[in-house]
Amino acid sequence: MRRVTRERLTSCGLNCVADDATLVVSELITNAILHSGGRQIRLTLDLHDGVLHIRVHDGVPGLRPSEQVPSDDDEHGRGLALVQAIAHSRQGTWGISDGGATTWCELALAAS
């Protein structure tokens, strides 16, 4: 999905957000694979009014991902902190909807 995201954004002339979006997609897809138990995961990328909307839908309501505070030695648990940091750096946000079945992130094309 990283490759597909980068290729799609690059082909649309959105190189300015490709690196950040690729990392966000990687983290959200990984969470869906590891934690949802769902059999189908759908990635949606939409652009509206200069904001890229990324949605990962796993079809499994009830799972509510939250940012963790891992210790320095932990090998996992930093993904949503990265998503939040990237969203913040691009005047965006992230969250969950559909009762926990969708995790989303919004990234403005013009980063500060």
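From the N terminus on, the elements of the protein chain follow the order α-α-β-β-α-β-β, with three helices and four strands in the predicted model. Helices (H or I, at least four residues) and strands (E, at least two) are DSSP runs, numbered from the N terminus. Residue numbers start from 1 along each chain as its sequence is written. In this predicted model, local features need pLDDT of at least 70 and side-chain atom pairs count only at pLDDT 80 or more, whereas totals for chains, interfaces and linings use all residues.

Of the 112 residues in the protein chain, 33% are buried, that is, under 20% relative accessible area (1.4 Å probe, protein chains only). The chain exposes about 6,700 Å² (Shrake-Rupley method, 1.4 Å probe), and carbon and sulfur atoms supply 49% of this area. Among contacts (heavy atoms within 4.5 Å) with a separation of 6 or more, 51% join residues 24 or more positions apart.

Helix 2 spans residues 15–35 and contains 21 residues. The distance from its first C-alpha to its last is 30 Å, close to the 30 Å expected at 1.5 Å times one less than the number of residues. A bend of about 30° occurs in helix 2 at Ala21, taken as the angle between axes fitted to the seven residues ending there and the seven starting there. Ala21 is also buried, and other buried residues of helix 2 include Val17, Val24, Leu28 and Ala32. The cover over the buried residues of helix 2 includes helix 1 (2–11), strand 1 (42–48), strand 2 (51–57), helix 3 (79–89) and strand 4 (102–108). Just after helix 2, Gly37 adopts a positive phi of about 75°.

Definitions and conventions: Heavy atoms only, no water. Buried < 20%, exposed > 50% of the residue type's maximum accessible area, 1.4 Å probe, protein only.
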